[in-house]
Amino acid sequence: MGEKSGSKKKKKDKVILPPQLPPELDDDEVVVSDEDVEFFTGNEGHARALARLDRKSIDSYVTRVAHHDEDEVERLYEERERRRKAAEALRPKNKDQDDDDLEVDRVDALPVKTLQGELVYNNAKKARFDDSSSGVESKSEDKGADAKQTIQKGERKAKSKCKKGDGKLQNVQAQTEAPNGKLQSKVLEEVKEELSAEELFEKKKAQLAEIGMSMLEDPESNIRSLNDMLNMCNDKDQKVVKLGLVSLLAVFRDIIPSYRIRQLTEKELTVEVSKDVKKMRYYEYTLLRSYKTYLQKLISLEKQPNFYTVAVRCMCTLLDTAPHFNFRESILASVVKNLSSPDDAVRKMCCETIRSLFVDEGKHRGEATIEAVRLIADHVKLNDCQLHPDSIEVFLSLRFDEDLGKDDSEEEKEKPKKNKRRQNQEVPKQLPVSDKKKAKQELISKAREEVDAELRAVSFTLDPKERRRIQKETLSALFETYFRILKHSISTSNSRGRVINVSPDGSHPLLAPCLEGLGKFSHLIDLDFMGELIACLKKLSGYTDHHSEKHDSTLSVSERLQCCIVAFKVWRSNLEALNVDLQDFFVQLFNLILEYRPDRDRGEVLADALKTLLWEGKQQDMIRAAAFIKRLATIALSFGSAEAIAALITLKHLLQKNSKCRNMLENDSGGGSLSCLVA
């Protein structure tokens, strides 16, 4: 009796969800008959009473489940909704079946109750509203009766008329439940897999956050956690790998020390040290080993397209944050290689990182600058000068001392002679020193030298001599790259001397930034290379003597104009030491004005060439100015309005500066004078 009462109690406590409410219909879809219209027009009070009904309170009352936990009821509702969506997604798309289902209204889809008290749905209604019958089916499952057993009991107890009807309905139910059960099991498995993958990702994400926070709070005690974060970067899920790389980047940016960790010597390893020193050595060793593994992982992932951008961003951030730390050479090599990347975002990121290295040399004492310049020079040489212009445009951010171009002998001459009287005085004779004192003094001096060397290695301030040496080596590598690009341009121009209509950046992509850099650092060029540089620029500008054969240059008009500008800047910055006649460049500029096309060439380069060669020079030649005035007046007649106005304004400035050239505007035949128009 006790067991029976307990089972009855359990059945009473079981939560049975009410059926779903019928779907809401739009006002346009509701069909109102003429009888309804006549009824409500005659009985307006009934219509007002229906309008006052609160639908939300009625729905909440109908769908309530009394005397049960709200969380359990909510969970059952969510489970029923999930099963319904999954069944609809996997149901075969049959147009005839859909049409049949749509003909049945949801309100009319009522079940049939057998003699045993069980509810059986029709085939169409069962396929369409499978989720609504789940509550009733669960009731039949609790009874533990099979479909066949139910039919047998029904045949024994039912009358002869009802036996046939119940048997047909049970056969329909058995046929529909079999395929639907398989579909539901597949859907549930897929949903579980998706949920398990999302839950696993969230779990790993939380684990990474927890490890990262512990590392930032106490790096020395939790330094071993770096291995766990590195292991998560080997996960099969790409999102987890990217998240691990970014998390390690944030940790390394915070815990990397402000000094370079050096390897301990064998002598230092044999010496007994305190516990604190041992702990610090272990921390540095583990940090260096994990950092090396992380960089190797980034370099390997850089070759994969899915991780390319993330890996390069991490390396650029590390190089910008800690350029003084170990393994800088490996990061620099990878960043320099991506300076000419086809990806615009990656290329700009790498260029900004290299520029920050050149500008902020206090972080690395200038050592990273010379390494980057040498790597870029090797990269240009390896690719035969066929790179993106941004690869060497970063050189414009370099900074040099103004007196770097002077020789050491000149600086020694400029130094004032101090303590000349003391130098002429005789050095007092030193007293004889014993062997013990001599050995002691040698040990002290040796120890001081070691301490000074360690201090110089740790400090970020450079000795003036060391700084000068680094800047000279950087400048040498810079001009080596520039001269290589010039020689390559000359060789390709000679080999393609008959080629016409070459694109500006087609065969010489590095020439424009090279000429711009030569113009900026022209005051630092050694005098021994001046003559060769002027000869190269003359060839590139396309100048030829009258006796030699004229050939078509592969350079654009803008590039040839830049060659004239650079030659004038080099001559102007070394005016005292360089004895060069620039008449050939003026002639070439005079000829290039006629070859200029507004839609093809850069107008700012032509304006810069006219300004540099005609305005900035101290010595003015009236015949030359008159020639350019006539040439500008000629091109003003053949160009559009904008170019014509620019040419006339330039002509006006030339006339204002060279007042004697105003005679060109005089009209001897008595037609009037134009010279009075120039102020």
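Which residues does Met315 touch, not counting residues up to four places away in sequence? Here are my notes, starting with that one.

1. **Met315.** Leaving out residues up to four places away in sequence, Met315 touches Leu298, Ile299, Glu302, Ile331 and Ser334; contact means heavy atoms within 4.5 Å. Met315 sits in helix 15, where helices (H or I, at least four residues) and strands (E, at least two) are DSSP runs, numbered from the N terminus. Its relative accessible area is 2%, so Met315 is buried. The cut-offs are under 20% relative accessible area for buried, over 50% for exposed, and partly exposed in between (1.4 Å probe, protein chains only). Ser330 is 15 residues from Met315 in sequence and 9.6 Å from it in space, C-alpha to C-alpha.

2. **What you're looking at.** This is a predicted model, in which local features need pLDDT of at least 70 and side-chain atom pairs count only at pLDDT 80 or more, while totals for chains, interfaces and linings use all residues. Residues are numbered from 1 along each chain as its sequence is written, and side-chain values use heavy atoms, with hydrogens and water left out.

3. **The overall picture.** The protein has 30 helices and two strands. Of its 679 residues, 34% count as buried. Take the contacts between residues at least 6 apart in sequence: 73% of them join residues at least 24 apart.

4. **Helix 15 against helix 17.** Helix 15 (residues 308–321) packs on helix 17 (residues 344–359) at an angle of about 10°, and their axes are 10 Å apart. Axes here are lines fitted to C-alpha atoms, for helices over the stretch in contact, and angles run from 0 to 180 degrees between N-to-C directions. On the helix 15 side, the contact uses Tyr308, Thr309, Val312, Arg313, Cys316, Leu319 and Asp320, and helix 17 brings Val346, Met349, Cys350, Thr353, Ser356 and Leu357. Sorted by type, the residues of this contact are eight nonpolar, three polar and two charged. For that sorting, Ala, Val, Leu, Ile, Met, Phe, Trp, Tyr, Cys and Pro count as nonpolar, Asp, Glu, Lys and Arg as charged, and the others, Gly among them, as polar.

5. **Helix 17 against helix 18.** Helix 17 also packs with helix 18 (residues 367–382), at an angle of about 135° and with axes 9 Å apart. The two are therefore oblique to each other. Ile354, Leu357 and Phe358 of helix 17 make the contact with Ala368, Thr369, Ala372, Val373 and Ile376 of helix 18. The tally is seven nonpolar, one polar and no charged.

6. **Lys337.** Lys337 lies in helix 16 (residues 328–337). Not counting residues up to four places away in sequence, Lys337 touches Glu302 and His379. Lys337 and His379 are 42 residues apart in sequence but 7.3 Å apart in space, C-alpha to C-alpha.

7. **Two positive phi values in a row.** Have a look at the loop between helix 18 and helix 19 (390–393), where Asp384 sits. Phi of Asp384 is near 55°, a positive value in a residue other than glycine. Cys385, in the loop between helix 18 and helix 19 too, has a positive phi of about 60° although it is not a glycine. Asp384 counts as partly exposed because its relative accessibility is 46%, whereas Cys385, at 4%, is buried.

8. **Helix 24.** Eight of the 10 residues of helix 24 (residues 511–520) are buried, so this helix is largely enclosed by the rest of the structure. The buried ones are Leu511, Ala512, Pro513, Cys514, Leu515, Gly517, Leu518 and Gly519.

9. Gln588 is in helix 27 (residues 583–595) and counts as buried at 5% relative accessibility. Leaving aside residues up to four places away in sequence, Gln588 touches Ser541, Gly542, Tyr543, Arg560 and Cys564. Thr612 belongs to helix 28 (residues 603–615) and, at 1% relative accessibility, counts as buried. A polar atom of the Thr612 side chain lies 2.7 Å from the backbone oxygen of Asp608.

Definitions and conventions
Polar contact = N/O pair within 3.5 Å; in protein donor to acceptor, adjacent residues only side chain to side chain. Parallel < 35°, antiparallel > 145°, perpendicular 65-115°, else oblique.
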